[in-house]
Every structure is written in C-alpha cells, then in structure tokens.
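Here is a short report on a few selected residues. Keep the sequence and the 3D view open as you read.

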Amino acid sequence: MRLIMIGPPGAGKGTQAARLGDRLGVPHISTGDLFRAHLKENTELGQQAKRYVESGGLVPDELTEAMVWDRLGRDDAKNGYVLDGFPRNLAQARSFERRLNETRTALSRAVYLRVPESELMRRLTGRWWCPECHATYHLASPAASKVCENCQTGLIQREDDRPETVKRRLRVYFEETAPLVDYYRDRGMVLEIDGGAPVDVVSRKLGQQLAEGGSR
Ligand code: AP5
Ligand code: MG
C-alpha cells in the first residue's frame with residue numbers, strides 16, 4: 001500500500017504513520033524526521049533547510065522533492081510506504097503525481113486526520129520525542145519519565161514546538177496544505193478519520209477503514 005498522511009501539526013500523522021507502517025510492513029517516511037536528521041548531522045541540505053524548519057515555514061519545493069525522490073527510490077519503499085508530511089502544498093502534489101506516473105505506481109489512499117484546532121496546541125506543547133528512534137510521546141505531567149521506552153535515550157522537545165512557532169505552522173498548514181484535502185477528494189482518494197479520539201481508537205478505525213476500502 002502507498003499511503004500519504006494529511007493533517008495539521010499535532011494531528012497525529014507521525015503517531016499513526018509509525019503504527020501503520022509496522023502493521024503493513026512498509027517504511028514510515030516522515031519528511032519532518034528526514035529534515036531533522038539532516039539538521040542534526042549538519043549536512044548541506046540540513047544547513048539549507050534549517051531556517052525554514054526552525055521558523056515553522058516550508059522548505060523550498062526543489063530541496064524537499066529531491067530528498068523525497070531519493071528516499072522513495074530505496075529498496076525498502078519498492079512495495080509501499082506511509083508518507084507523512086509530503087506533499088505539503090499543491091505544487092508538491094502535482095510534482096508527486098507526475099513522479100508516480102513516470103514510475104508507473106499509484107497512491108492507495110490519502111489519509112486525512114481531522115482534529116479541532118483547540119486540541120493541537122495542547123498536544124504539541126506536551127510533545128517529547130526520541131532523537132534516536134523518533135518515537136513520540138505526550139508528557140503532560142512533569143513527573144513522567146523522559147526516557148524513550150524503546151531505546152532508553154533521553155527525550156527532547158522539538159525546537160519548532162514553541163507556542164509562537166506552532167502558531168506559524170498552523171497558519172502555513174491552513175494556507176498551503178489544507179487545500180490538498182480537496183485535491184485528493186476530487187480524485188476519490190481521501191479517507192477522513194476523526195483524529196481527535198484517543199490514539200488506540202484512531203488506529204483501530206484507520207485499520208478498519210483501510211481494510212474495508214481495500215488496497216486500490
Ligand atoms: P513535520 O515534522 O511534518 O511537522 P508537522 O506537520 O507540523 O507535524 P507534527 O510532526 O508536528 O505533527 P504530527 O501530526 O506528526 O503529530 P504527532 O503524531 O507527533 O514538519 C516539520 C517541518 O519540516 C515543517 O514545519 C517544515 O519546515 C519542514 N517540512 C516537512 N515536510 C515538508 C514538505 N513536504 N515541504 C516543505 N517543508 C517541509 O502527535 C503530536 C502530539 O500529540 C504527540 O505528543 C503525540 O503523542 C500526541 N498525540 C498524537 N495522537 C494523539 C491522540 N489521538 N490523542 C492524544 N494525543 C495524541
Ligand atoms: Mg510528525
């Protein structure tokens with residue numbers, strides 16, 4: 001299956017994409033995680049992307065697309081993937097469609113996670129993640145352990161989860177990314193899920209609906 005995840009910052013794209021990837025036996029490919037890895041390694045791409053990622057803007061399409069084509073061309077993505085964070089605007093969606101046609105492949109579904117805006121800020125400001133294996137946690141309580149359950153690495157908060165930067169990311173989402181829902185709806189591909197429910201409920205519904213819809 002080839003899936004893309006659409007939804008505002010904090011909708012749970014990363015959380016659900018990781019679970020779906022495990023369940024389907026395909027890689028979870030997050031453009032945000034790829035950029036953060038480049039930033040951490042201080043690669044040339046990391047240096048070019050840094051100011052956009054840290055300020056909550058979009059990285060230019062040419063840089064993003066080159067990185068995504070490279071990742072999708074690897075062996076582990078030959079039989080499918082869960083793509084999280086791409087495409088992010090209409091230009092990227094059109095390039096992606098051309099790319100899929102050239103490689104004679106097709107998307108199975110565009111999963112749209114719908115979450116009320118009031119919930120997003122709460123989720124993002126409580127998010128902690130593992131810089132090693134990229135597992136994501138929500139720590140509302142300061143007493144909660146700040147160590148990754150998978151690999152025992154110390155958890156950190158993302159630079160762009162500061163309230164001012166979250167506000168900008170939300171603005172960018174509504175201006176640039178939200179139109180993709182109609183773009184994929186026009187193509188009959190959208191699977192809309194209530195992402196405001198608890199994590200396990202969202203996973204279960206998503207799994208059921210994908211199974212019911214078949215793997216086009
Ligand atoms: P990216 O990393 O993709 O950030 P984002 O889209 O803002 O999304 P988030 O990762 O913040 O949210 P999420 O939906 O994955 O939520 P999560 O599962 O973590 O992109 C970062 C930056 O990279 C961009 O700003 C841009 O600069 C650049 N970039 C990336 N792609 C690009 C592209 N294509 N073009 C140009 N630039 C690009 O969940 C959030 C929190 O909520 C967690 O704490 C989680 O535990 C909790 N949670 C999740 N689900 C639930 C639930 N159901 N109930 C309660 N809590 C939940
Ligand atoms: Mg994410």
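## Arg-104: out in the open

Arg-104 has a relative accessible area of 77%. Exposed means over 50%, so Arg-104 counts as exposed. Keep in mind that this model is predicted.

Where does Arg-104 lie? Look in the loop between α5 and β4, where β4 covers residues 109-114.

## Asn-42: another positive phi

Now move to the loop between α2 (31-41) and α3 (44-55). Asn-42 lies there. Its phi is near 55°. That is again a positive value in a residue other than glycine.

## Pro-87: a cis peptide bond

Next comes the loop between β3 (81-84) and α5 (90-102), which holds Pro-87. Which kind of peptide bond joins Phe-86 and Pro-87? The bond is cis, with omega at about -5°.

## Thr-177: tucked away

Thr-177 belongs to helix α7, which spans residues 163-177. Is Thr-177 buried or exposed? Its relative accessibility is 6%. The cut-off for buried is under 20%, so Thr-177 counts as buried.

What does the side chain of Thr-177 reach? At 2.8 Å lies the backbone oxygen of Arg-88.

Definitions and conventions. Residues numbered from 1 in each chain as written. Chains lettered and ligands numbered in written order. Predicted model: local features only at pLDDT ≥ 70, side-chain atom pairs only at ≥ 80, totals over all residues. Heavy atoms only, no water. Helix = DSSP H or I, 4+ residues; strand = E, 2+ residues; numbered from the N terminus. Buried < 20%, exposed > 50% of the residue type's maximum accessible area, 1.4 Å probe, protein only. Polar contact = N/O pair within 3.5 Å; in protein donor to acceptor, adjacent residues only side chain to side chain.
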